[in-house]
Amino acid sequence: MSLREPLAALRRDDGEWRAGQAALEQALAAWRSDPSMASVLEAMERFAAGETLAGCRPLAALFQSGNEAASLLVERFVSGTLLALDAHPLGQMPLAYAPGDVVAMLVLARCGTASLTLSCFDGCELARAEPRASVVFEPVESWSRVIAGSGTGELIIGEPTAASDTLVLQRRELELASDSIHHRIGAREKLHVRSASGAMLVLRLQRALPGEAVVREHALADGRLVHRAAAAADDSRRELAMATLRAMERRDAVPGMRAIALGRGEVSLRWQALRELLVLDLDAGLDAIDAIAAASDDPLCAHVGTLREAVERQNGDETQGGSWPS
């Protein structure tokens, strides 16, 4: 289908496009108001508020073996939206999505820290993809179900060791057969999809785990920690804000960064504040390091001594690293 003429018309007048977007929104609203989906959305609210999955029966039914609720939900979504998109090919469904060569993801529903997503894995792109060198563990609990297609995956389980920054990684192959269901605790388990026969469609439910909101990346070769970041969106925004203030050389931000570094907030956010502080005001950063080193119960205490040595040896270059010191 050639879109050259419709695109030219769109430049002259976007009225038809606006009408198409309204039609797509109506199609999405019709799917959401369907009794089966409406009950799932109501259950999502309770699930996001902390209710167990078993206590949210319409949601739990999507991930119960032998139950066809998940397939019916996806079929109704696809059939309704494809008809609308066929009528309005330049339109875009008003849903969050993440396009990609290997996997494309569409967010069907989101409530608080809980989300219900539909992912499509491209088998040809998976075959061409470079082997992974690391594994990322996230503080989430998730359930996934293969709706269509099949593939293979690798489940990686991280077991703690005496060295707090290193994990023993157990790895085992998984068959991702059509209608198979998998549950994992993301803080210690990760499922890598390795291959897919053609295309594989996966429905996933995910919810953030309470407690420490930290994402950890470990090398697959030896299990050592290579990166650590905040999982919470608010913490990520604060990290970006501090990096921006440091790049702008805003010395008026020094007191605020020092307060974050010496506070009792999430440790990756405090570490980011300490790094930015060292670049912005070396003396203030070294004073903060001394204060943290003096508090034996501070989780950063074991790391700041090495950081001080690196700062003094390299005249501050180490502060611009970007990863948790190992």
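Predicted model: local features only at pLDDT ≥ 70, side-chain atom pairs only at ≥ 80, totals over all residues.
Q: How many bridges join β6 to β9?
A: Two strands count as paired if DSSP finds at least two bridges between them. β6 covers residues 151–160 and runs antiparallel to β9. The number of bridges joining them is 7.

Q: Which strands stand at the edges of the open sheet?
A: The sheet has 3 strands in the order β7-β6-β9, with antiparallel pairing. An edge strand has a single partner, so one side of it is left without a neighbour in the sheet. The edges are β7 (167–176) and β9 (189–196).

Q: What is the average twist from one strand to the next in this sheet?
A: Axes are lines fitted to C-alpha atoms (for helices, over the stretch in contact), and angles run from 0 to 180 degrees between N-to-C directions. From one strand to the next, the twist averages 20°.

Q: Is S142 buried or exposed?
A: S142 lies in strand β5. Buried means under 20% relative accessible area, exposed over 50%, and partly exposed in between (1.4 Å probe, protein chains only). S142 has a relative accessible area of 3%, so it is buried.

Q: Which residues does S142 contact, leaving aside neighbours within four places in sequence?
A: Contact means heavy atoms within 4.5 Å. By that test, the partners of S142 are H182, H183, R184, R204, L205 and Q206.

Q: Which residues touch the most other members of the largest nonpolar core?
A: A nonpolar core is a set of buried Ala, Val, Leu, Ile, Met, Phe, Trp, Tyr and Cys residues joined through side-chain atoms within 4.5 Å. This core holds 30 residues. The residues asked for are L59, L62, L116, L203 and L205.

Q: What percentage of the 326 residues is buried?
A: The protein chain has 11 helices and 12 strands. Its C-alpha atoms fill a box of roughly 65 × 55 × 40 Å, taken along the principal axes. Buried residues make up 39%.

Key: Residues numbered from 1 in each chain as written. Heavy atoms only, no water. Helix = DSSP H or I, 4+ residues; strand = E, 2+ residues; numbered from the N terminus.
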